[in-house]
2 protein chains.
Amino acid sequence: MSQTASIKDVATHAQVAVGTVSNVLNYPDRVSQRTKERVLKSIAELGFVRNDAARQLRAGQSRTIGLIVLDVGNPFFSSVARAAEDAAATLGSVVLVGDSGQDASREAHYMDLFQEQRVQGLLISPVGDVGQRIDTLRERGVPTVLVDELADTDRCSSVSVDDEEGGYLAAKHLLDLGRRRLAFVGTPSIRQVASRLKGAQRAVSEVSDATIEVLDSEGQTVLTGRKVGNSLVERSPQERPEAVFCSNDLLALGVMQSLTMLRTVRIPEDIALIGYDDIDFAISAVVPLSSIRQPTEALGRTAIELLAEEQESGGTKHRSVVFTPELVVRQSTAGAPN
Amino acid sequence: MSQTASIKDVATHAQVAVGTVSNVLNYPDRVSQRTKERVLKSIAELGFVRNDAARQLRAGQSRTIGLIVLDVGNPFFSSVARAAEDAAATLGSVVLVGDSGQDASREAHYMDLFQEQRVQGLLISPVGDVGQRIDTLRERGVPTVLVDELADTDRCSSVSVDDEEGGYLAAKHLLDLGRRRLAFVGTPSIRQVASRLKGAQRAVSEVSDATIEVLDSEGQTVLTGRKVGNSLVERSPQERPEAVFCSNDLLALGVMQSLTMLRTVRIPEDIALIGYDDIDFAISAVVPLSSIRQPTEALGRTAIELLAEEQESGGTKHRSVVFTPELVVRQSTAGAPN
DNA sequence: ACTCGTCTTTGAATCGTTTCATTTGTTACG
DNA sequence: CGTAACAAATGAAACGATTCAAAGACGAGT
């Protein structure tokens with residue numbers, strides 16, 4: 001078993017100094033053609049591969065950016081992550097993705113981990129209250145960008161989408177269809193969800209006889225959505241809401257599964273349904289799902305850009321970018337009012 | 001800006017030797033209660049965080065496992081990845097996920113990257129021919145486990161699902177419905193897809209008057225599926241297949257979108273449709289999608305287990321685990337034959 | 001022949017940990 | 001009181017790369 005060769009082995013083999021080998025790798029222009037060739041030949045023969053740990057140790061920083069999301073299984077986040085990865089790649093960095101699963105302790109765990117790794121910076125969709133930790137990170141030279149969450153601009157940068165506006169758009173759309181008794185499904189303990197709810201309530205308050213009830217889904221997955229859907233089916237028709245706004249598409253698809261499975265409730269005739277995020281699967285649902293589209297690629301790309309800005313300014317200048325969501329109407333909210 | 005404290009700073013602050021601080025962190029039993037407390041207090045006061053690069057450098061190996069998948073956007077892979085992460089966590093390791101996007105050069109890029117990181121081991125769903133590289137990795141003490149791909153057991157371990165059987169199951173099911181002119185949609189240049197096709201062809205060959213045509217989708221996403229669907233819609237009804245088997249659910253959902261959009265083709269009456277993977281969204285499709293279910297959690301978990309076995313045996317013992325897929329019938333292939 | 005400037009190459013110092021052979025301290029026992 | 005046995009603490013040596021001041025090589029100009 002041939003152990004991995006070090007830069008020293010290469011130097012010996014090529015009969016040059018270690019510094020020269022390092023220069024071949026990092027500053028090829030400083031090295032003469034002849035020695036460069038000899039060194040490269042030795043590298044190939046010995047199968048030398050740089051040891052990143054040693055390089056990082058010397059550099060004091062890694063080429064890694066940490067990203068903590070609420071749920072990688074959610075296409076919204078995987079799309080943001082992919083965009084961030086692509087953007088980071090152009091800077092020669094790698095994105096490490098951690099899934100907090102909306103759990104503050106897992107979130108803390110990943111923050112510790114990333115700190116041990118001396119990441120260049122941190123992108124995070126926070127669950128718990130991370131303000132304190134972000135401050136200490138900044139003090140230690142690790143810039144942070146909040147993702148999908150608005151920040152104090154004197155603390156760190158952020159990139160987000162106007163959730164309240166999105167919630168308003170969704171509810172307004174349902175009200176425009178003539179629906180009056182609305183239901184909101186989600187986990188309001190999550191800030192984004194709370195904001196969407198707030199926007200929805202604002203829209204409702206603008207219409208005299210409209211109401212909105214809140215159904216806590218205790219989770220943001222297809223499965224929890226199905227549970228809420230079942231509880232709706234069990235209600236008497238009069239007690240059912242006329243329209244349901246789910247705080248994300250997974251929930252909405254779950255609700256849709258329950259409602260259509262039993263066939264007693266029609267979408268959109270009996271209940272109009274709208275989700276949030278406009279994931280790829282929304283369009284191919286049983287009843288194509290209306291949704292609020294968020295610019296995921298822009299979010300991921302901008303997050304990396306803001307991180308770069310933070311790095312350049314030494315963590316002193318912060319900026320918040322807020323995108324505007326967009327209503328996408330499909331069959332689940334189609335049809336004439338009343 | 002307080003720079004990060006090192007173990008040496010902690011030692012000075014607590015008035016002990018660096019070795020003692022290290023022992024507090026790694027072998028608490030070797031240290032007396034009194035000094036332990038003093039050291040821990042200093043650690044807290046200085047906000048000391050271990051430098052992972054230095055630790056790895058000394059250890060010669062990281063606590064990281066590399067995983068290269070064909071497409072993180074595909075729920076099949078994100079599910080496998082999540083299971084692998086959970087399993088790795090119990091061993092105190094972290095999984096780094098790289099997305100090859102079915103591109104051999106990106107695959108090679110991630111292999112280089114992981115090698116530089118001195119990962120404990122590598123899990124990979126290969127695109128190109130990686131046999132050679134796996135050999136050199138093994139020689140250097142980096143065990144590899146093929147994921148979703150059967151391996152030479154004298155080269156490395158592997159965990160996979162019997163794709164040919166899955167393909168057979170799918171085609172057999174379509175034939176059992178009475179359909180005779182089948183179509184297969186996928187990218188046969190990918191091995192898994194080729195095997196599924198082979199299985200399907202075997203099933204077809206067992207029925208005298210059955211045929212199967214192959215439609216190369218040039219990609220395995222919803223989008224490419226939609227393109228194939230459009231081409232089917234453009235055909236005259238007589239030329240259309242009676243049943244379509246897509247090599248994954250994303251493709252199938254794309255095909256379904258096209259077919260249902262135009263409303264000229266009914267599923268399953270005119271064309272029965274079956275996918276592969278049974279992703280969460282299959283059940284909530286316009287027409288709930290039949291599929292072939294693969295045990296994703298078991299795949300991810302077993303991959304980590306096999307990697308652990310490889311490590312223990314020093315990369316000498318290899319084992320291949322093959323799971324059996326399962327047919328899931330839903331509405332997209334329901335209904336009476338003929 | 002000598003000096004100056006440019007281009008290469010050298011090799012020791014450094015990053016922050018872990019390891020381990022030694023030293024120091026403490027207790028128990030003959 | 002001497003010493004053996006054990007526990008605790010020490011600190012120098014690695015790990016493998018990068019950096020940088022210094023040395024070396026070489027040609028041009030005087």
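Modeller: Let us begin with pairing: two strands pair if DSSP finds at least two bridges between them, and strands (E, at least two residues) and helices (H or I, at least four) are DSSP runs, numbered from the N terminus. The model is a predicted one, in which local features need pLDDT of at least 70 and side-chain atom pairs count only at pLDDT 80 or more, while totals for chains, interfaces and linings use all residues. Residues are numbered from 1 along each chain as its sequence is written, and chains are lettered from A and ligands numbered from 1 in the order in which they are written.

Colleague: Which residue of E5(B) stands opposite Val147(B)?

Modeller: Val159(B) does, and E5(B), residues 157-161, is joined to E4(B) by 3 bridges, the two strands running parallel. E4(B) also runs parallel to strand E3 (residues 121-124) of chain B, again with 3 bridges, and here Leu146(B) is the bridge partner of Ile124(B).

Colleague: What kind of unit do E3(B), helix H7 and E4(B) make?

Modeller: A crossover is called right-handed if, with the strands pointing away from the viewer, the path from the first strand over the helix to the second runs clockwise. E3(B), helix H7 (residues 131-139) of chain B and E4(B) make a right-handed β-α-β unit.

Colleague: In what order do the strands of the open sheet in chain B stand?

Modeller: The order is E7-E6-E8-E9, and the pairing of these 4 strands is parallel. Strand E7 (211-216) and strand E9 (272-274) of chain B stand at the edges with a single partner strand each, so one side of each is left without a neighbour in the sheet. E7(B) pairs with strand E6 (residues 181-186) of chain B over 6 bridges, and within that pairing Ile212(B) is the bridge partner of Leu182(B).

Colleague: How many residues of chain A are in contact with chain B?

Modeller: Two residues are in contact if their C-beta atoms, placed from the backbone, lie within 7 Å. By that rule 40 residues of chain A touch 40 residues of chain B. H4(A) gives the most to this side of chain A, with 5 residues.

Colleague: Which residues come nearest to DNA strand C?

Modeller: A residue counts as near a molecule or strand if its C-beta atom, placed from the backbone, lies within 6 Å of it. Of the 28 residues around DNA strand C, those that come nearest are Gly19(A), Ile7(B), Gly19(B), Asn51(B) and Ala54(B), and H2(B) gives the most to this surface, with 5 residues.

Colleague: Which residues come nearest to DNA strand D?

Modeller: There are 28 residues around DNA strand D, of which Ser6(A), Ile7(A), Ala54(A), Gly19(B) and Thr35(B) come nearest, and to this surface H2(A) gives the most, with 5 residues.
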